[in-house]
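This briefing covers the sheet, the nonpolar cores and the salt bridges of one protein. Please have the sequence and the model open while reading.

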Amino acid sequence: MNTSTPVAVVLGAGMGGRGVSLALAGRAHVVLVDRDKTLAETAAQAVIAAGGTAEARTVNLLDFDAVEAFRDDLLNRHGRIDAVVHLVGGWQGSKTVDRKAAEQFAALEPGIFGTLRVTSVVFRDALIASPAGRFFILSSVQAQSPTAGNAAYASVKAATETWTKALGASFRDTAARAVILVVNALIDDDVRARNPDKAFRTFTDTSVVGGAVVDVMGDPSVENGARILLVPEQ
């Protein structure tokens with residue numbers, strides 16, 4: 001067991017997870033988690049191909065016992081957990097604030113907020129024990145700009161920001177930090193290739209999110225609860 005290599009846990013191995021994991025290749029051992037094992041394995045192989053080390057895992061992130069067992073396994077094998085990057089998401093929209101919007105909130109809450117609630121609690125002490133523990137969430141500009149059509153999504157995202165700021169407050173007098181990364185929407189080369197006629201001017205490339213994670217991991221001056229806007233300038 002090599003306890004000198006930082007360990008970063010990336011929750012959600014899809015588009016954002018791939019970008020963040022590649023940015024971390026060679027800087028940390030990357031543990032990719034997704035309910036879709038193929039997604040996690042594909043992202044892990046990309047990290048390995050880039051010269052890093054990685055592993056793929058499937059974990060029920062709404063189950064405290066399952067996440068605690070996962071954490072303990074990582075600590076037993078690697079001796080540390082230095083970063084958790086929460087990228088689990090989803091989106092639904094409606095025409096207005098109506099019954100459909102209320103149902104959408106109920107559908108979005110477990111994946112976006114429920115998984116954050118469980119994982120932040122379970123990994124908190126391990127991040128405090130790290131020399132520079134970091135907990136990241138990916139939020140949206142919509143959290144502070146709600147409309148009738150995005151009531152459910154914006155409300156759930158706003159709740160994740162509030163929880164993350166509270167987590168940051170709980171890190172007081174430690175080296176751990178909780179940080180909010182804010183985008184409008186994500187983009188990568190695969191999506192651009194499938195949509196060559198779209199400009200995606202307000203979208204953030206996943207590599208930018210990965211770069212922000214790397215920067216914050218190496219920055220002792222970052223404030224707890226920091227909200228870092230990663231939307232391209234227009």
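Glutamate 109 is partly exposed, with 22% relative accessible area; here buried means under 20% relative accessible area, exposed over 50%, and partly exposed in between, using a 1.4 Å probe and protein chains only. The model is predicted, with local features requiring pLDDT of at least 70 and side-chain atom pairs counted only at pLDDT 80 or more, while totals for chains, interfaces and linings use all residues. Residues are numbered from 1 along each chain as its sequence is written, and side-chain values use heavy atoms, with hydrogens and water left out.

**Salt bridges**

- Glutamate 109 pairs with arginine 117 in a salt bridge whose closest N and O atoms are 3.4 Å apart; the term requires a side-chain nitrogen of Lys or Arg within 4 Å of a carboxyl oxygen of Asp or Glu.
- Arginine 117 is partly exposed, at 29% relative accessibility.
- Aspartate 205 and arginine 192 form a salt bridge through their side chains, at 2.8 Å from N to O.
- Aspartate 205 belongs to strand β8 (residues 204–205) and arginine 192 to helix α6 (residues 189–194), so this pair ties together parts that are 13 residues apart in sequence. Helices (H or I, at least four residues) and strands (E, at least two) are DSSP runs, numbered from the N terminus.
- Aspartate 205 is buried at 17% relative accessible area, and arginine 192 is partly exposed at 33%.
- Arginine 80 has a salt bridge to aspartate 82, with the closest N and O atoms 2.8 Å apart.
- Arginine 80 is buried at 18% relative accessible area, and aspartate 82 is also buried, at 4%.
- The salt bridge count is 14.

**Sheet and helices**

- An open sheet is formed by 7 strands in the order β3-β2-β1-β4-β5-β6-β9, with parallel pairing; two strands pair if DSSP finds at least two bridges between them.
- Strands β3 and β9 (226–229) are at the edges with a single partner strand each, so one side of each has no neighbour in the sheet.
- From one strand to the next, the twist averages 20°.
- Strands β2 (residues 29–33) and β3 (residues 54–57) run parallel and are joined by 4 bridges.
- Valine 30 has alanine 54 as its bridge partner in β3, and valine 33 has arginine 57.
- Helix α3 packs on the sheet and touches β1, β2 and β3, its direction making about 155° with that of β3. Axes are lines fitted to C-alpha atoms, for helices over the stretch in contact, and angles run from 0 to 180 degrees between N-to-C directions.
- Helix α5 lies across β5, β6 and β9 and runs at about 160° to β5.

**Nonpolar cores**

- The largest nonpolar core has 33 residues, of which Val9, Val33, Phe70, Ile81 and Val84 touch the most other members. Such a core is a set of buried Ala, Val, Leu, Ile, Met, Phe, Trp, Tyr and Cys residues joined through side-chain atoms within 4.5 Å.
- Helix α4 gives the largest share of this core, 9 residues.
- Isoleucine 81, leaving aside neighbours within four places in sequence, has contacts (heavy atoms within 4.5 Å) that include Val7, Val9, Leu74, Phe123 and Leu127.
- A second, separate core has 29 residues, among them Ala8, Val20, Ala54 and Ala226.
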